[in-house]
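Here are my notes on this one, as numbered points. Have the viewer open while you read.

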Number of protein chains: 2
Amino acid sequence: MYGLIGKMTAVPGQRDTLIDILLEGTGEMPGCLSYIIARDPADADALWITEVWDNSDSHRASLALPAVQQAIARGKPLIAGFSHRTETQPVGGHGLAPRG
Amino acid sequence: MYGLIGKMTAVPGQRDTLIDILLEGTGEMPGCLSYIIARDPADADALWITEVWDNSDSHRASLALPAVQQAIARGKPLIAGFSHRTETQPVGGHGLAPRG
């Protein structure tokens, strides 16, 4: 499995709009086992995305999906930056649900 | 929802044993919506745990579960340290499966 952890900082005041865009665009992604969006309670503009994919090819392919491309286009102006990007190798646990 | 992201560093050579202990002890935790263990490919002794709970009370209660207590006792000697601990407020996504 292939995993990603990362922090995204929104343009001030746009975090919730960005979250809505991400939730809308990331619903049906083949090979996605987990994709969770979370606010950072310590930073009003920041959110965290934790992802698990069956493999890195599925993740790369998802970036070309129309819904993801639209989300990227809509979200880009609202993103001030990315940080804490960590690639991982998930080995198991609870909440790894194949969908799409 | 309540979320946690954190990095755990094992005593050299003990990461996989620690992963096994964690996987065994964290199977049935009421209120746990996601609990994923992942190796850090850039650090042979490190692993990441990303968690989502229905609320922080469920997370706190899980620490008293017999299986979790046993995992903590068995795992403690194999843990060299914790870092990158981030509390989050998950808002949605894919792979949030109530169980237990």
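Over how many bridges do strand 1 and strand 3 of chain A pair, and in which sense?

1. Strand 1 (residues 2-10) and strand 3 (residues 46-53) of chain A pair in the antiparallel sense over 8 bridges. On terms: strands (E, at least two residues) and helices (H or I, at least four) are DSSP runs numbered from the N terminus, and two strands count as paired if DSSP finds at least two bridges between them.

2. Housekeeping: this is a predicted model, with local features needing pLDDT of at least 70 and side-chain atom pairs counting only at pLDDT 80 or more, while totals for chains, interfaces and linings use all residues. Residues are numbered from 1 along each chain as its sequence is written, chains are lettered from A and ligands numbered from 1 in the order in which they are written, and side-chain values use heavy atoms, leaving out hydrogens and water.

3. Now the barrel. It is closed by 8 strands with antiparallel pairing, in the order 1(A)-3(A)-2(A)-4(B)-1(B)-3(B)-2(B)-4(A). On average, neighbouring strands of this sheet are turned by 35° against each other, direction ignored (axes are lines fitted to C-alpha atoms, for helices over the stretch in contact; angles run from 0 to 180 degrees between N-to-C directions).

4. Helix 1 (residues 15-25) of chain A lies across strands 1, 2, 3 and 4 of chain A together with strand 4 of chain B. Against strand 2 of chain A, helix 1 of chain A runs at about 170°.

5. Symmetry: chain B superposes on chain A by a rotation of 180° with 0.0 Å of shift along the axis, RMSD 0.0 Å (least squares on C-alpha atoms of residues with pLDDT of at least 70 in both copies). That is how a two-fold axis relates them. In chain B, B:Gly95 has the C-alpha nearest the axis, at 2.5 Å.

Terms used: Contact means heavy atoms within 4.5 Å.
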